[in-house]
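Hi,

Here is the structure I said I'd pass on. Have a look, and my notes follow below.

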Amino acid sequence: MPEAADAVKPEGEGEAPAEEAHQSQEITGLFLQHPETTVAVTGTDIVFTAKVDSTTLSRKPTIKWLKGKWLDLGSKAGKHMQFKETFDRATKIYTWDMKIIKVVPGDAGAYRCEVTSKDKCDSSAFDISVEAVNVEEEHDIMAAFKRTDAGEDEGSLDFSALLKATKKKKKPVVDEEKADVWEILKNAQPSEYEKIAFEYGITDLRGLLKRLKKMKTVEPKHSDAFLKRMESAYSVDKGKKIVLEVEVVDPNAQVKWLKNGQEIKSSAKYIIESVGNIRTLTINRCSLADDAAYECVIGEEKSFTEVFVKEPPVTITKLLDDYHVVVGERVEFEVEVSVEGAHVNWMFEDQELSRDSHKYRFKKDGMKHMLIIQEASLDDIGMYWCFTNGGRTKGELDVEEKELEVLQNIADLTVKAEDQAMFKCEVSDEKVTGKWLKDGVEVLPSSRIKLTHIGRIHRLTIDEVKPEDAGDYTFIPDGYALSLSAKLNFLEIKIDYVPRQDPPKIHLDTTGNMVSKNTIIVVAGNKLRLDVEISGEPPPTVVWAKGDTAITALEGRVRTENRKDLSCFVIEGAEREDEGNYSITVTNPAGEDKANLFVKIVDVPDCPENVKCTSVGEDCATMVWEPPKFDGGVPVTGYLMERKKKGSTRWTKLNFDVFEGVTYEAKRMIEGVLYEMRVYAVNGIGMSQPSLNSKPFMPIAATSEPLGLKVHDVTDTTCTLKWLAPEKIGAGGLDGYVIEYCKEGELPKIRLPRYLRQKYLRRVGDKINLTIPFQGKPRPKVQWYKDGEELDVRVASIRNSEVDSILFIRSAERSHSGKYELVLQIENMEARAILEIRIVETPGPPEVVKVTDVWGFNAALEWKPPKDDGNCEITGYTIQKADKKTNEWFTIYDHNRRTNCTASDLIMGNEYMFRVFSENLVGKSEDFCLSKDTAIIPKIGLEYNPPPFKEKDMQSAPKFIQPLLDRSVVAGYSTAISCAVRGFPKPKIRWLRNKIPLDENPRFLMQNNQGVLTLNIRKPSQYDGGKFTCKAINPLGEDVVECTLLVRGMDGGKGGGGRVGVEYRDGEMD
């Protein structure tokens, strides 16, 4: 018998023609795995698998299973043919299976699998050969060797996985021929079949013997066509190449090669060659599908042979381990084999384990095979075996019985009538069940008796114990010689009832918001709820009253609520009219009690009255008003003022701290602008409504003196004067001039510049140079004073001229601050001007910063103003905080006017320090004051209990809400039909024409936009008419809608065109 050819051929030998490469079964194009040609036996099931890798595809691939050239098998899906699609998200591989159930002879033929993805496509052809069942049952003596794991292939004549021979290593010196198993079996006695099968790794001896029996020993006879025939059988290793060769008489003779009766076409796998008288068939990369009968036919003569494909033996790479467990534990035997997906057999002692058993689970993970026993018992003790066609291994299982321990015994109980009795015990095994007995009789659950088993604890609960429940109770665990007992004793108590009477009493709480005994203060608009505890037997009757009027309302703004041992008096939204004396009276047959209360309603005060302006200056105005008529029941503590420009709606606060007086000077106003003011009154409850706006007023100042006065003309009796208008007229305008004259000379007059008429501020170290013009004739005498004393020339330098006087200080100091007075004197006439100079600098730091309170995530701070204010008013404070962990300072307040503040948004678990800077007109103090103590924000366990959320079930079966409508169109003009569907999960949509799917027809475009389904038909012909069906399918069900499309000829019925309508019945195809 010729040996199987090596897998690798010399270059150029056995290569397939290039034009036939597309018929190869190799993994080319889109396919990772092609469906393979198969020989099936009538009545068996066969499965074909195709795999495609979608990692490089832009769209999901679609597949078609075809028989012959055109028959789409998708329309044949049913009990005989089944199609399945799966997708592995990890590897992005699509797998399609076509299963033919109970093969019939009509299933034989050529098949094709086509896969398409956008602009890519691939095709794979395969054949199915069907053989009849061998009915010679009288010779089936090897039925005992039938494979129990064959499944769909049981009894098939496809010997794809039958012969598995162990590869033998060639000896280095002697070149021995491989043993031909087929020849050995033909020449051996039947009693030696099993030994030979075990020696050569044959797993399906029954199938092999059936093939052996079919072969007939025919005496060689002379042939007119063949000079040399093929051997009766060949064997080849899986994946190798084999060459079948015959020698013919006529070198020009044409031969046919058949496989299982089907003609073989030349391809990359099957290479048919003709050289002289030699005809060869080369089979490349033999697979289990190539295990078949082959024939070479010339006319009426044939040369017959069979090819057997052998698989290498499966060896065990990891042996079984022994296990020692207790009853109820999980046991998992694991073994590893050399071939992934290989078949193994499991045995317990001498009995093969069935995969249909509920006790054992069989698991396969690559090369690992596992036998799992979920709960081991004493019956599982013994030896377990795992067999392959290349070896075996064993593992021993030892199971011990687990002892039951009593962790808590039952205790005796003594209970009273109508009480609850509960017996409780605890054992070591939570899976142990048991039963309860009372005086030897099993206790059954009822509405009053409950038996519970939670984990290791068993309970017997008896509600509303009765005298007949007394007795001995026993708990017996199932499967253990153990019992727990206790006794229930019934205690009967007799009580003589004597009615008791207690006089009523009111328990009035005078703490809390009471300002004095039996007086309650309520802020207007708030709710008053007064809960008064009451005692007395029998329960007393409660009556509330205001003055002499009883309050009986149970609903409304003022009402009473009575409960057991408690009476409530409620006022919703307290008003001033609710103030007064209230009383509560309680009575019962044993006596009476009464309590009086005074409810005082306090409110914000009324608004101030008669706000008016009494005087104005250049940038200031003096305002006065009258206190409010009603102070709200609480003394007025002060007032807040606001101003705005006339015609504006934006009010500006004039003070942040309450002002106690009723006269206020408003400053920093713009000259010539009309202003209005209003005032708020403040008491301990809050701030009143604003007063009525004052009458508009305007800050104005006097004009400056005229300029350039001179004598223009003089006569005997007249003198003509000329002058220039004042430099600054002011907002008040210029009404006229007042002219004065005197004899001989000029009165002294000081023309003080406007910027010196108010406080003149300069920083320490600045240079001061003030020029003050004056007039007077003769030249007046100039004298400077500081704070009433003559100015020392060492303090400031003075330079006088005929028309002005200059005050010069080279470097200003704080000591230069004060009131400076310039005096001009001409004989007994004099003129005076006072200017105030203030030398300022940055203030000192605040004093005594301390943390007064810490609550939640907040801290309250207080401090004292600085001792040194820098010779000007303190305008605010800057507050900073720092976490002791990082020591990084962050500003929390800028320009804070008060000497206190609240630091918010502090982080839980941190400790904070604080420091404060003071500010004035010059700037912020150079130094700061650090808080003596720190603020620690404690950690508080916060637990969030979200409200229960019940998710709404949105799932529903598909339902068409807009049906398809019948259409009549003209041939050659594109059209569309539409419908609408709803359902969740999103349904899968399929379109059919005359019950044939339209999935892959390029003339039909299917669209789905938010449940609106559209089928676009491109240029329909007269034969595209018929019944169109739309199916919507999801796991909850399906729905179908149909319509009829009629295609008319373009000539509209003239000349015999007419309309074409096609009707289809069930089971018919066009």
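The protein chain has an accessible surface of about 64,500 Å² (Shrake-Rupley method, 1.4 Å probe), and 49% of that surface belongs to carbon and sulfur atoms. Bear in mind that this is a predicted model: local features need pLDDT of at least 70, side-chain atom pairs count only at pLDDT 80 or more, and totals for chains, interfaces and linings use all residues. Residues are numbered from 1 along each chain as its sequence is written, and side-chain values use heavy atoms, with hydrogens and water left out.

On the overall picture, the protein chain comes to three helices and 81 strands; these are DSSP runs numbered from the N terminus, helices being H or I with at least four residues and strands E with at least two. Among contacts (heavy atoms within 4.5 Å) with a separation of 6 or more, 63% join residues 24 or more positions apart.

One spot to look at is Asp-419, in the loop between strand E29 (413–416) and strand E30 (421–427). Asp-419 is partly exposed, at 32% relative accessible area. Leaving aside neighbours within four places in sequence, Asp-419 touches Ile-462, Asp-463, Glu-464 and Val-465. Lys-466 is 47 residues away from Asp-419 in sequence, yet their C-alpha atoms are 8.7 Å apart.

Then there's Glu-396, which sits in strand E27 (residues 391–400) and is partly exposed, at 42%.

Cheers

Terms used. Buried means under 20% relative accessible area, exposed over 50%, partly exposed in between (1.4 Å probe, protein chains only).
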